[in-house]
Amino acid sequence: MVGWTGKFLRVNLSKGKAVAEAYGASVARDFLGGRGFAAKILWEELGRGVDPLSPENKLIFAAGPLTGFSLPSSGKLVVASKSPLTGGYGDGNIGTIAAVQMRKADYDAVIIEGRAKKPLVLVIRDENAEFLEAKDLWELNSFETEERLTSIYGRTAGILCIGQAGENLVKYATIVSQEGRAGGRPGMGAVMGSKVLKAVVFIGSHDLQAAYPKEMQELGAEAYREVLTKPNYSFWKRQGTMSTIEWSQENAVLPSCNYREGVFGKAQTIGGFAMEKIKVSNRGCPQCNMTCGNIVKDSDRKESELDYENVAMLGSNIGLGDLKQVAALNRVADEYGLDTISLGNVLGFAMEASEKGLIDQNIPWGGFKTTKALIKDIAYRSGPLGETLAEGVRSASEAVGGGSDRWAMHVKGLEVSAYDCHTAPAMALAYGTSSIGAHHKDAWVISWEVKAGRESYNARKVDKVIELQRIRGGVFECLTVCRLPWIEVGLELEWYSRFLYAATGLEMSLDNLNTIADRVFNLTRAFWVREYGKKWGSHMDVPPARWFEDPLTKGAFEGRSLDRDKYNNMLQMYYRKRGWDERGIPRKSTLKKLGLEDAASQLGGRVKLAE
Ligand code: SF4
C-alpha cells in the first residue's frame, strides 16, 4: 500500500496504552480515508446505544491518502464520534498541522478509547505515545492551552485541544487547533472532554511516500500555480467566504433573528467590505495558498478569525450589527471551544424565547454585553439558563416549551447553519438529509439553486443535492483535503483523480470515487438508523416548522415559505434515487450493492428492511 501509511494507532486512555495496527488494502480502496475510515470504525466498533459521553464511545482522528502531501489545501483532518448532541453519527474537519504531523508520524488515523483518570495530554511522536498529566492546563482556554504546548513542543508540532466548553461537556463543543481553527460541530469537543483528554500533540519525522514521487511533486507545484491563475483568486484572498454576507442579503437567505427573516437591516456593516476595513492579516490551514481566515481586531482589541458562518450566526441571526463586537463574540467562542454556528443558533433561540416571555431572563436582540455573559454561562454551564442552552437547541426547546419546537432551528438535533431556507427547497433538502444533521458542508446547493430558480421542487434539484453530497461530503471528506479550491476558485475535479494516482498508484475515475462516497454515505445513514431503530422515519429528514409555517415578512420574498407537501414529495424522490425506502432507510439491495452486507444484516435486526 503506497500513499496511505497503512496504520492506525489505537490509544486506550483507561489503560494508558497505545498500539499501532496495520489495516488491509481493501479498507483503503473501499473507504479511502477521513470520513470513510471514521464511519467504518465507528460502525464496526461501537455497539448500539453507547452513551456518547461514556468511556465506551470512541473519538477518531482520520486523514486521507492526499492529506499532508504538497498539493493545494491538503492539511485537513476529520474528527468523528457518536454525537452527544444528536445521538447519531457526528464528524467535522479541521485545517491543522496536526493532520500533517499525524501522517508524518506514520498513521492514517488515531482511535481514542476509554477515559483517563486525570486530565491528560497525549503526545504522539512517531511510534512513541506519552500520557502526560495536564493538571496545569485543565481550565485554560484553547488559545492558552495551545500557547503553553507550543512553547514546549515548538511551532511545527500539531496540536488539537479543547477549551472549557469541552471540559464541561457542552454538547456542541468543538476541538480547536491553531488559534481558532475548530471542527466537530456535533460535540466532538465534549467527547474529548468526557475522556478527560485536554490535548493531543503530534510530532512526526517520516516523509510521506507517494507511488510516483516525482510526478507528485510536479503535479502539486502545477496545481498550486493553477490556483493562482484563477480569476477569483485575488478577491478570495481579500474576503474569503465573507462576501457571502452581501450575497445572502441580496438573495434573502441571510439568517436574521433566529431565521425569522432572510434579510438584515445592518448587513452592510457586517459584510465583506466592512470586514476589509478592519482586517489585519490572513490566516489559514497548512499546505494552502488561498488562505481564507480573515484576522481582524475585535472590540476587546484581540485577534479574531472571521468567516461567513460565524459572522452570520453571531451577527444577523442574533440581531447584532457591529462587526467588531461580532468578532469579540467569535473570539470568546473559539477560546471556550464552542461551535460558533450552533452557538449563534442557540443564542437566537434564547433571544426569541426571552422576547416571548418563555424564560425569565431578559436577553435582548443584539445586546452585546448580555450575550457575551451568556456565552460564558453556556461554556461553564452556569445557572439554569446556561445549563439548558449547553444542551443544544432541541433539548432547550423541550425544556422551555410554549410551542418553541416550531422555531427551534435544527435537524436531528444539530443546529441549522447560516442559510435561511424559507425560499430555498433544495438547500432545505440538503440540511434535511446531511450525514450529521443540519450542516451545509455536504451539499452547499444554495448558490446553484438561486440561479436555477427558487420556486421548484423538482428532480433536477434532488439530483444536484445528491451530486454535491457525493463530491463534497464524500470525495473531499474521504480524500481529506479542502473542497474550497474546487468550489470557490474553480480548480477542476479532474485534478483530484490525478493527485490520487500519483499518491497511491490507483486509477480512480470520478464514478469510482462517487461509489465510495455512496458507500460511506449509506454507512453513516445505517449508523443513525441502528441508533434510532423503530423511531426512525422520514420526519427525521424534515427541516424546522418555521420555514413552512412562518412566512417571511421582509425583503423581496415577503410572504413566502416552504410548501410542506412539495417538500415531502421531493424527499420521497430523493429516497428513491438513493435506493432507500419511504422511511429513508437504505434497502437491503442498496447496502449489498455497496458491499455493506454487515450493515444490511445488523439493520435487519433493528427494523424491517425493504428488499
Ligand atoms: S481554503 Fe481556507 S479552509 Fe480551505 S485549506 Fe485554505 S485556509 Fe483552510
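The legends below describe close-up views of a predicted model. Residues are numbered from 1 along each chain as its sequence is written, and side-chain values use heavy atoms, with hydrogens and water left out. Because the model is predicted, local features need pLDDT of at least 70 and side-chain atom pairs count only at pLDDT 80 or more, whereas totals for chains, interfaces and linings use all residues.

View 1. The shell around the ligand is made up of Ser73, Lys76, Arg181, Gly284, Cys285, Cys288, Met290, Thr291, Cys292, Cys482 and Leu484, each with a heavy atom within 4 Å of the ligand. By class, six of these residues are nonpolar, three polar and two charged, where Ala, Val, Leu, Ile, Met, Phe, Trp, Tyr, Cys and Pro count as nonpolar, Asp, Glu, Lys and Arg as charged, and the others, Gly among them, as polar.

**View 2. The largest nonpolar core.** A nonpolar core is a set of buried Ala, Val, Leu, Ile, Met, Phe, Trp, Tyr and Cys residues joined through side-chain atoms within 4.5 Å, with buried meaning under 20% relative accessible area, exposed over 50% and partly exposed in between (1.4 Å probe, protein chains only). The largest such core has 168 residues, of which Leu338, Ile378 and Tyr496 touch the most other members. Helix H22 (residues 510–532) gives the most to this core, contributing 10 residues; helices (H or I, at least four residues) and strands (E, at least two) are DSSP runs, numbered from the N terminus. Not counting residues up to four places away in sequence, Tyr496 touches Leu66, Phe476, Leu479, Val481, Cys482, Pro485, Trp486 and Leu491, contact meaning heavy atoms within 4.5 Å. A second, separate core of 30 residues includes Phe61, Met188, Met192 and Val196.

**View 3. Met351 in helix H13.** Met351 lies in helix H13 (residues 340–355) and counts as buried because its relative accessibility is 1%. Neighbours within four places in sequence aside, Met351 is in contact with Ile318, Ile363, Pro364, Trp365, Gly366 and Thr371. The C-alpha atoms of Met351 and Pro364 are separated by 5.9 Å, although these residues are 13 residues apart along the chain.

**View 4. Two loop residues with positive phi.** Most residues other than glycine have a negative phi. Glu179, in the loop between strand E10 (175–177) and strand E11 (181–183), has a positive phi near 55° and is partly exposed, with a relative accessible area of 38%. Thr480, in the loop between helix H19 (459–479) and helix H20 (484–487), has a positive phi near 60° and is buried, with a relative accessible area of 2%.
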